[in-house]
Amino acid sequence: MDKHIQDCPYPGCFFCVMKEGNPNKRRSSIMKFFRELPSQDDDGQVLPISGLWNTAMAHPNDPEFIELGIFECMSALIWKGLKNRRWLSHDQNIYIPYYAAHIIGSYTMNMEDFAETAVNAGVIPPLVELLRGRLTWVEQRVAVRALGHLATYATTFPSVANHGEILELCIQLAMSSLEIVYSHFYQYSDRRLSYHCDLLTRGMGGVEMESRKAEEWASQLQCWSLQLINCFAFKPEFLSVICKPEFIVKLPGMWGGLVNENSPAGIGLLRTICHHKFGRGPVSSCPGVIEALCNIARSSDDWQYMAIDCLLWLLQDPNNFHKVIEKAAPTLLDLSELSTLGDQKKLGDSILTVLHDCIQQPPTTTTTTTTTSSINPRTKSDIEETLRTRDRLKWEKTLPKEDLHIKQAAALVVKLEGNSLFSSGNIQGAASKYSEALSLSPIRSKKERVVLYSNRAQCHLLLQQPLSAISDATRALSLHTPVNRHAKSLWRRAQAYDMIGLWKESLLDAILFVNECSNSADPDLGGGRQGVSSSKVPDYAERLVKKQMRAAWLFREAAVKHGGGVEEDEEEGGGGGEDSEWETASERGERWRGMMDEFYPVSPTIAGHPSIPNKSLPTSINCGISSPFFTKLLALYVHEWNDDFSGGEIGD
C-alpha cells in the first residue's frame, strides 16, 4: 500500500488517501482534502467528486465523511461553480455542482442529525441558487431533491422555510418543469448538452435512452418539487401561498406517470391541503379539481384512496360540503361497497356514514332566506336508496337459507332473460333486465352482482352512455375480490374513459387489464387453452395501451405548445379501415353505427356526456324493435367483439 501511495503522481490524491491503512492518518488526510479541494484548480477534480457521489449513494448513513467536513466542501464547490464560470467551463468541472448537490441530498435523506449538520454547514443558500435556475434544469433537479430532504425534518424545516423564495420557486417549477425539460433538452436531440447526456445515461446510451431518461428526470423534477411544497403545506401559515387557483387546478394533472409511479405527486399534495380546514375552501371552490378527484377515485390509480380521502374530508366540512356534494356523491356511491383499499378497512361503511351525515345537514340560507346549499332531491334520493341497501343486507341475514336461494334463482332467471335480449339486439331491454336482477339478487351474492353490474356496463357502452358504464364498472370492481381486479370490468371502464377523453384513467385500467390477462388461465382473456396462464398481450389491449400512452405522454402539452409534433393514431390519419385489427370496441361501435345509419337514417337521439356529440342509434336499440338485418348485424358485431375479448360477452 505504501509503495502504491509513493508511486502516485498526485500528492494528496483522494483515492490514495482512502487506501491509507492508519485510521488516524486517513481521517486527517480526508479532512484536509475536503478543506483544500474548493480552492484548488487542478485538472481531474471531477474524479474524486464522482467517487464521493458513488459512496454517498451506496452508504448514505455512514457518518465518517459527515464528521470530516463533506458538507462544507460540497457547499463551497457549488458556490465556486456559480461564481467562477471560467473554472466551471474548464476540464470537466461542469459536472461538479451537480454531483455536489446530489451528495448533499443523499447524505440527508435518511438521517436527521446529518441534515442538521448540513444546515449548519451552510448548504441551503447555494442550493437555493441552483433552484433558481442559475445553471440548468439538471442542477435544479438535485437541488430540489436535497432541499426536500432537509424540509422533511422538524429540526431543519425552519431553516428551509426562512428562505421564503423556496416555496414560490417550487410552485413555479412544478408547473413549468415538464416544459423546461422538453424545450431545453428533449425537443432537439442535436442540441443537447453533452454533459447532460452523460449524466442521464452514464455514457452508456444513445439518443433514445437519453430521451427516456429525460422523461424520467422531468417527472422527478416535478414530483420532488411537489414533495417540497407538501412539507410547507403541513403548516397552515403557508396555505395561502399554495392554494392559489391557478396552481390548485393543475395539481390533479401532475402525476408521476409510468416512469415515476411511486410518487403521489399532485394528488398527494391535494390530500395534505384538504386535511386542513384552511385548504378545503379553495379546493372546494374549483369544480374542475373536484371532478378530477372523482375520476381518480374511480380509477385504478395507486393513489385512488387519496382522492377518496379528499372527497370525504370536503364532505365532512360543514362550510364547504354543499359545494362538492353534487359531484362527489355519485362517485362515492359507486364506491360504497368497497371493503378494503390498501390499509383502509371498511371504507364503504365510512363513505356511507359521511353521506348519511351530509343529507342530515340543514340547508343554509342567504340573508334573503333564499336557500343556497340544499342537496339536490335526486342526489338525496340516491343516497337514501344506497343506505336502504345496507339495511337490506342486515335484513337478509335474518332470512332462512332457502329464501336466499329462491332470490338467487329468481335473479339468475332475469339475468338470462337479459342475456337473451342482448343477443337479439334489444340492448336497452337487456340493461333493464340486469337492473331488475340486481334488485332481486341478495346483497351478499357479490360474485353474481359483479357480473350483473359488469354486463350492464357493457350495455351502456353500446348505448354510448360512457358515464353510466364507468359507474357500473366501478361498482363491479369495488365488489370484486380482490378490489379492482375484475378483468372484464377493467376493459369496459377503460373504453368508457376513452370515449370521454380521460386518457390517463383509460390507460391505467387497460394496463391493469393486461396484467390480469397475463396472470389468467382463462382462454377468453388470452390465457392458455389447458388452464395455463399466458404472457401474450391481446392485440386489442395492446392497441388501446399504445393509443393512451401517446395521449397521456408526459411531454404532450409541451410538445403541442412548442410545435414539436405529437404522434396521432393511425386511424386518425386516415388509416385503420373497416377491417382494421386494431379497432377498439368503442371504435368498432362507431363503424357499426355508421353502417346502421344506412338502414335507419332517421332515429332517436341519445344525449351523452357534454363533451361527446349526441349519437344517433337505431330504433331497435331503444324500443326493442328487431329486424332480421338488425339481428344479423348485431350478432356479427358481438361475434367480432368476442373474437377479440370475452369482455363483450354478456352470458357470464
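With which residue does D334 form a salt bridge? In this predicted model, local features need pLDDT of at least 70 and side-chain atom pairs count only at pLDDT 80 or more, while totals for chains, interfaces and linings use all residues. Residues are numbered from 1 along each chain as its sequence is written, and side-chain values use heavy atoms, with hydrogens and water left out.

The partner of D334 is R298, with the closest N and O atoms 2.5 Å apart. A salt bridge is defined as a side-chain nitrogen of Lys or Arg within 4 Å of a carboxyl oxygen of Asp or Glu. D334 belongs to helix 22 (residues 321–334) and R298 to the loop between helix 20 (287–297) and helix 21, so that distant parts of the chain, 36 residues apart, are linked. Helices (H or I, at least four residues) are DSSP runs, numbered from the N terminus. Both D334 and R298 are buried; buried denotes under 20% relative accessible area, exposed over 50%, and partly exposed in between (1.4 Å probe, protein chains only).

A further salt bridge joins the side chains of D309 and R271 (2.9 Å, N to O). Because D309 lies in helix 21 (residues 304–316) and R271 in helix 18 (residues 265–275), the pair ties together parts that are 38 residues apart in sequence. D309 is buried, at a relative accessible area of 8%, whereas R271 is partly exposed, at 26%.

R456 and D472 also form a salt bridge, their closest N and O atoms being 2.6 Å apart. The relative accessible area is 16% for R456, which is buried, and 3% for D472, which is likewise buried.

Note on methods
Helices (H or I, at least four residues) and strands (E, at least two) are DSSP runs, numbered from the N terminus.
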